[in-house]
Amino acid sequence: MSALDATRAALAAEHAAVYGYGVVGARVAPDRRAEATAAHEAHRARRDALRRAVRDLGGAPVAAEAAYALPFPVTGPAGAVRLAAVLEDRVAGVYSDLVRATTGADRREAAAALAEAAVRAVRWRGGDVTFPGLAERV
């Protein structure tokens, strides 16, 4: 996968995460709302940086979809927490691809994004996975 393709894929995943965190924020318990807001803002910042990165690589950024299919119905706080963990796992997966496809500062930035997603997934899930970003690739 080329650096441009991997960057576009990461951008698409961030668009989906921003949308998903809108659902999480609406359904999560009040005591975790600040955590959802912080994650939403982090994904928006990553999305904006990836738009610039795609342009810097000579490509056209992928646009956000009007809506995204959720992996399961989110009807309350428990579902919101579960969705947040899934969103982070998915983002970690595309960042693992971006780490493989890039070098230098771009690779370091992708690795930092992967680590951030893995930490957020652990916080939401309450437990970790052995190889964040790779578990969903098996």
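The protein chain comes to four helices and zero strands. This is a predicted model, so everything below describes the model as computed. Reading from the N terminus, the elements simply run α-α-α-α. Overall dimensions come first. The C-alpha trace spans about 40 × 35 × 25 Å along its principal axes. A compact globule of 138 residues would have a radius of gyration near 14 Å, and the chain has 14 Å, which agrees. As for burial, 38% of the 138 residues count as buried.

Helix 4 is a handy place to start. This helix covers residues 104-125, 22 residues in total, and reaches 31 Å from first C-alpha to last, close to the 32 Å expected at 1.5 Å a residue. Its buried residues are Ala110, Ala113, Leu114, Ala117, Ala118, Arg120, Ala121 and Trp124. Looking down the axis of helix 4, these buried residues fall within an arc of 165 degrees, so they line one face of the helix. On the other side, Arg108 and Arg123 are exposed. What does the buried set of helix 4 pack against? The partners are helix 1 (3-27), helix 2 (33-56) and helix 3 (77-101). Just after helix 4 comes glycine 126, with a positive phi of about 85 degrees.

Helix 2 can be read in much the same way. At 1.5 Å a residue its 24 residues should span 34 Å, and the end C-alpha atoms are 35 Å apart, which agrees. The buried positions in helix 2 are Ala36, Ala39, His43, Arg46, Arg47, Leu50 and Val54. Those buried residues pack against helix 1, helix 3 and helix 4. Just after helix 2, glycine 58 takes a positive phi, of about 90 degrees.

Helix 3 contributes glutamate 88. Is this glutamate buried or exposed? At 0% relative accessibility, glutamate 88 counts as buried; the cut-off for buried is under 20%. Leaving out residues up to four places away in sequence, glutamate 88 touches Tyr21, Ala39, His43, Ala117, Arg120, Ala121 and Trp124. Several of these names have already come up: Ala39 and His43 are among the buried residues of helix 2, while Ala117, Arg120, Ala121 and Trp124 are among those of helix 4.

A search of the whole structure for aromatic pairs finds two. In one, the rings of tyrosine 19 and tyrosine 68 have their centres 5.5 Å apart and their planes at 55 degrees, so the pair is tilted. This pair links distant parts of the chain, with tyrosine 19 in helix 1 and tyrosine 68 in the loop between helix 2 and helix 3, 49 residues apart. Tyrosine 19 is partly exposed, at a relative accessible area of 31%. The other pair is made by tyrosine 21 and tryptophan 124, whose ring centres are 6.4 Å apart and whose planes lie at 45 degrees, so this pair is tilted as well. Tyrosine 21 sits in helix 1 and tryptophan 124 in helix 4, so the pair ties together parts that are 103 residues apart in sequence.

The charged end of arginine 82 sits over the ring of phenylalanine 72, 3.7 Å from the ring centre.

Valine 74 has its place in the loop between helix 2 and helix 3. At 8% relative accessibility, valine 74 counts as buried. Neighbours within four places in sequence aside, valine 74 is in contact with Val23, Arg27, Gly79, Ala80 and Leu83. Its C-alpha lies 18 Å from that of alanine 39, a residue 35 positions away in sequence.

Finally, leucine 4 lies in helix 1. Which residues does leucine 4 touch, not counting those up to four places away in sequence? They are Val54, Leu57 and Gly59, and Val54 is one of the buried residues of helix 2. Leucine 4 and leucine 98 are 94 residues apart in sequence, yet their C-alpha atoms are 9.1 Å apart in space.

How values were computed
Residues numbered from 1 in each chain as written. Predicted model: local features only at pLDDT ≥ 70, side-chain atom pairs only at ≥ 80, totals over all residues. Heavy atoms only, no water. Helix = DSSP H or I, 4+ residues; strand = E, 2+ residues; numbered from the N terminus. Expected span 1.5 Å × (residues − 1). Buried < 20%, exposed > 50% of the residue type's maximum accessible area, 1.4 Å probe, protein only. Arc of directions from axis to C-beta. Contact = heavy atoms within 4.5 Å. Phe/Tyr/Trp six-rings, centres within 6.5 Å; stacked < 30°, edge-to-face > 60°. Lys NZ or Arg CZ within 6 Å of the ring centre and 35° of its normal. Rg over C-alpha atoms; globule rule 2.2 N^0.38 Å.
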